[in-house]
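Let's take a friendly walk through a protein model. Have the sequence and the 3D view ready, and look up each residue as it comes along.

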Amino acid sequence: MNCPFCNKDMKKGFLKSSHHMHWGEEQALGFLPNDLKLTRFSLEGILKGNFVESYYCSECKKIIVSVEDK
């Protein structure tokens, strides 16, 4: 994948967390109703961690995440 900011090649990898992940407009702990779920809450996630495929640009220092119906 090419970076949409600088058009250089991006490295494929994973965002990792020991908790489920979401994105929100407010800086607050916990899941808020309008937050976007990046991972689902699951027992497997609690035991093994959560992973979201992503692409990293070492030139721009940006990460791109595809948000599908999670």
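## A tryptophan and its patch

Tryptophan 23 sits in strand S2, which covers residues 22–23. Strands (E, at least two residues) and helices (H or I, at least four) are DSSP runs, numbered from the N terminus. With a relative accessibility of 52%, tryptophan 23 counts as exposed. Here, exposed means over 50% relative accessible area, buried means under 20%, and partly exposed is in between (1.4 Å probe, protein chains only).

Together, Trp23, Leu36 and Val67 make a nonpolar surface patch of about 290 Å². Patches are made of residues with over 30% relative accessible area and no salt bridge; nonpolar side chains (Val, Leu, Ile, Met, Phe, Trp, Tyr) are joined within 5 Å, and like charges within 9 Å. The accessible areas come from the Shrake-Rupley method with a 1.4 Å probe, and for residues only the protein chains shown count as cover.

## How to read the model

This is a predicted model, in which local features need pLDDT of at least 70 and side-chain atom pairs count only at pLDDT 80 or more, while totals for chains, interfaces and linings use all residues. Residues are numbered from 1 along each chain as its sequence is written, and side-chain values use heavy atoms, with hydrogens and water left out.

## Salt bridges

How many salt bridges does a search of the whole structure find? The search finds two. A salt bridge is a side-chain nitrogen of Lys or Arg within 4 Å of a carboxyl oxygen of Asp or Glu. Side chains of opposite charge can pair when their charged atoms come close.

Lysine 8 lies in the segment before strand S1 (11–17) and glutamate 59 in the loop between strand S4 (50–57) and strand S5 (62–65), so the pair ties together parts that are 51 residues apart in sequence. Lysine 8 is partly exposed at 44% relative accessibility, whereas glutamate 59 is exposed at 52%. Another salt bridge joins lysine 12 and glutamate 53, again with the closest N and O atoms 3.7 Å apart. This pair links distant parts of the chain, with lysine 12 in strand S1 and glutamate 53 in strand S4, 41 residues apart. Lysine 12 is exposed at 54%, and glutamate 53 is partly exposed at 39%.

## A charge over a ring

Lysine 62 lies over the face of phenylalanine 5, at 5.0 Å from the ring centre. A charge sits over a ring if NZ of Lys or CZ of Arg is within 6 Å of the ring centre and within 35 degrees of the ring normal.

## A buried cysteine

Is cysteine 3 buried or exposed? Cysteine 3 is buried, with a relative accessible area of 2%, and its place is in the segment before S1. Not counting residues up to four places away in sequence, cysteine 3 touches Lys8, Met10, Cys57 and Cys60; contact means heavy atoms within 4.5 Å. The C-alpha atoms of cysteine 3 and leucine 29 are separated by 30 Å, and the two residues are 26 residues apart along the chain.

## Positive phi values

Asparagine 7 has a phi near 70°, a positive value in a residue other than glycine. Asparagine 7 lies in the segment before S1 and is exposed at 56% relative accessibility.

Lysine 61, in the loop between S4 and S5, has a positive phi near 60°. Lysine 61 is exposed, with a relative accessible area of 60%.
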